[in-house]
Amino acid sequence: MMASFFASGRVADLVLLVLGAEALLLLAWRWRRGGGLAPSALAGLVLPGVALVLALRAALVGAAWPWVAAALLAALAAHLFDLALRLRR
């Protein structure tokens with residue numbers, strides 16, 4: 001049962017769902033409380049993880065290597081975006 005959960009890539013779908021819920025909760029927190037992470041900071045925090053999970057999903061379902069490489073490249077770009085935001089502060 002667990003083997004098929006991982007092999008099908010559904011584990012990555014679950015992680016993406018949790019990441020999306022986390023982002024929405026943090027945005028709601030900011031909206032209700034007036035503090036917290038700015039949307040750009042939140043994007044810098046979440047996007048590298050999303051791209052890495054997409055690379056994991058592609059690898060788990062046996063996608064062609066260019067899809068895995070593209071997702072990893074997107075993770076790098078998102079990480080560099082986050083790094084630039086943090087260094088600018």
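1. A residue is called buried here when its relative accessible area is under 20%, and exposed when that area is over 50%, with partly exposed lying in between. By that criterion, the buried residues of helix H4 in this predicted model are Val-68, Ala-71, Ala-75, Ala-78, Asp-82 and Leu-85, and these buried residues pack against helix H3.

2. As for the overall fold, the protein contains 4 helices and 0 strands, so that, read from the N terminus, the order of elements is α-α-α-α. The radius of gyration is 15 Å, whereas a compact globule of 89 residues would come near 12 Å. Along the principal axes, the C-alpha atoms occupy a box of roughly 45 × 30 × 10 Å.

3. On burial and surface, 22% of the 89 residues count as buried, and the accessible surface amounts to about 6200 Å², with 75% of it belonging to carbon and sulfur atoms. Among contacts with a sequence separation of 6 or more, 58% are made by residues 24 or more positions apart.

4. Helix H2 (residues 10-33) has 24 residues, which at 1.5 Å a residue should span 34 Å, and the computed distance between its end C-alpha atoms, 34 Å, agrees with this. Val-11, Ala-12, Leu-19 and Ala-23 are buried in H2, and the buried residues of this helix pack against both helix H1 (2-7) and H3. Just beyond the end of H2, Gly-34 adopts a positive phi of about 80 degrees.

5. How many salt bridges does a search of the whole structure find? There are 2. In one of them, the side chains of Arg-57 and Asp-13 meet at 2.6 Å, N to O. This pair links distant parts of the chain, since Arg-57 belongs to helix H3 and Asp-13 to helix H2, 44 residues apart. Arg-57 counts as partly exposed because its relative accessibility is 25%, and Asp-13, with a relative accessible area of 32%, is likewise partly exposed.

6. The salt bridge between the side chains of Asp-82 and Arg-86 has an N to O distance of 2.9 Å, and both residues lie in helix H4, 4 residues apart, or about one turn of the helix. An α-helix has 3.6 residues a turn, so residues three or four places apart point the same way. Is Asp-82 buried or exposed? With a relative accessibility of 10%, Asp-82 counts as buried, while Arg-86, with a relative accessible area of 45%, is partly exposed.

7. A nonpolar patch on the surface is formed by Leu-73, Leu-76, Leu-80, Leu-83 and Leu-87, which together have about 500 Å² of accessible area.

Note on methods
Residues are numbered from 1 along each chain as its sequence is written. This is a predicted model: local features need pLDDT of at least 70, side-chain atom pairs count only at pLDDT 80 or more; totals for chains, interfaces and linings use all residues. Side-chain values use heavy atoms; hydrogens and water are left out. Patches are made of residues with over 30% relative accessible area and no salt bridge: like charges are joined within 9 Å, nonpolar side chains (Val, Leu, Ile, Met, Phe, Trp, Tyr) within 5 Å. Accessible areas come from the Shrake-Rupley method with a 1.4 Å probe; for residues, only the protein chains shown count as cover. A salt bridge is a side-chain nitrogen of Lys or Arg within 4 Å of a carboxyl oxygen of Asp or Glu. Helices (H or I, at least four residues) and strands (E, at least two) are DSSP runs, numbered from the N terminus. Buried means under 20% relative accessible area, exposed over 50%, partly exposed in between (1.4 Å probe, protein chains only). The expected span of a helix is 1.5 Å times one less than its number of residues. Contact means heavy atoms within 4.5 Å. The radius of gyration is taken over C-alpha atoms; the globule rule is 2.2 Å times the number of residues to the power 0.38.
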